[in-house]
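Dear colleague,

I am passing on the structure we spoke about, and below it you will find my notes on what turned up when I went through it. Please read them beside the coordinates.

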Amino acid sequence: MLGRRVHVTGPARLKLGAELKKAYTAGASIRTLAHGCGRSYGFVHRLLTEAGTTLRTRGGQGTRRPAR
């Protein structure tokens, strides 16, 4: 786990981004990943975006009302 004030740059940032991407594509939420690595939601979201991750829409499956 990284400290909150530690800057993650270079190869370490690429490695962390790849690890987070793997967990996210396996189904973990951004909030769960953020809590697990002790970082903010925004930091994890940014790393996922930098890693080229296709982010899921908000709310997941089944939250929208069926079309009438």
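**Charges over rings**

Arg 39 lies over the face of Phe 43, at 4.4 Å from the ring centre, where a charge sits over a ring if NZ of Lys or CZ of Arg is within 6 Å of the ring centre and within 35 degrees of the ring normal. Arg 56 is placed likewise over the face of Tyr 24, at 4.0 Å from the ring centre. Aromatic pairs, by contrast, number zero in the structure, a pair being rings of Phe, Tyr and Trp (its six-membered ring) whose centres lie within 6.5 Å.

Please bear in mind that this is a predicted model, in which local features need pLDDT of at least 70 and side-chain atom pairs count only at pLDDT 80 or more, while totals for chains, interfaces and linings use all residues. Residues are numbered from 1 along each chain as its sequence is written, and side-chain values use heavy atoms, with hydrogens and water left out.

**The chain as a whole**

The secondary structure comes to three helices and zero strands, in the order α-α-α along the sequence; these are DSSP runs, numbered from the N terminus, with helices being H or I of at least four residues and strands E of at least two. Of the 68 residues in the chain, 25% are buried, where buried means under 20% relative accessible area, exposed over 50% and partly exposed in between (1.4 Å probe, protein chains only). Among the contacts (heavy atoms within 4.5 Å) with a separation of 6 or more, 64% join residues 24 or more positions apart.

**Helix α2**

In α2, residues 30-37, the buried positions are Ile 30, Leu 33, Ala 34 and Cys 37. They lie on the same side of α2 because they cover an arc of only 100° around the axis, the arc being that of the directions from the helix axis to the C-beta atoms. Their cover includes α1 (10-25) and α3, whereas the face turned away from the buried side carries the exposed residues Arg 31, His 35 and Gly 36. Just after α2, Gly 38 takes a positive phi of about 70°.

**Thr 53**

Thr 53, in the segment after α3 (41-50), counts as buried because its relative accessibility is 10%. Not counting residues up to four places away in sequence, Thr 53 touches Lys 21, Tyr 24 and Leu 48. A polar atom of the Thr 53 side chain lies 3.0 Å from the backbone oxygen of Leu 48.

Terms used
Polar contact = N/O pair within 3.5 Å; in protein donor to acceptor, adjacent residues only side chain to side chain. Phe/Tyr/Trp six-rings, centres within 6.5 Å; stacked < 30°, edge-to-face > 60°.
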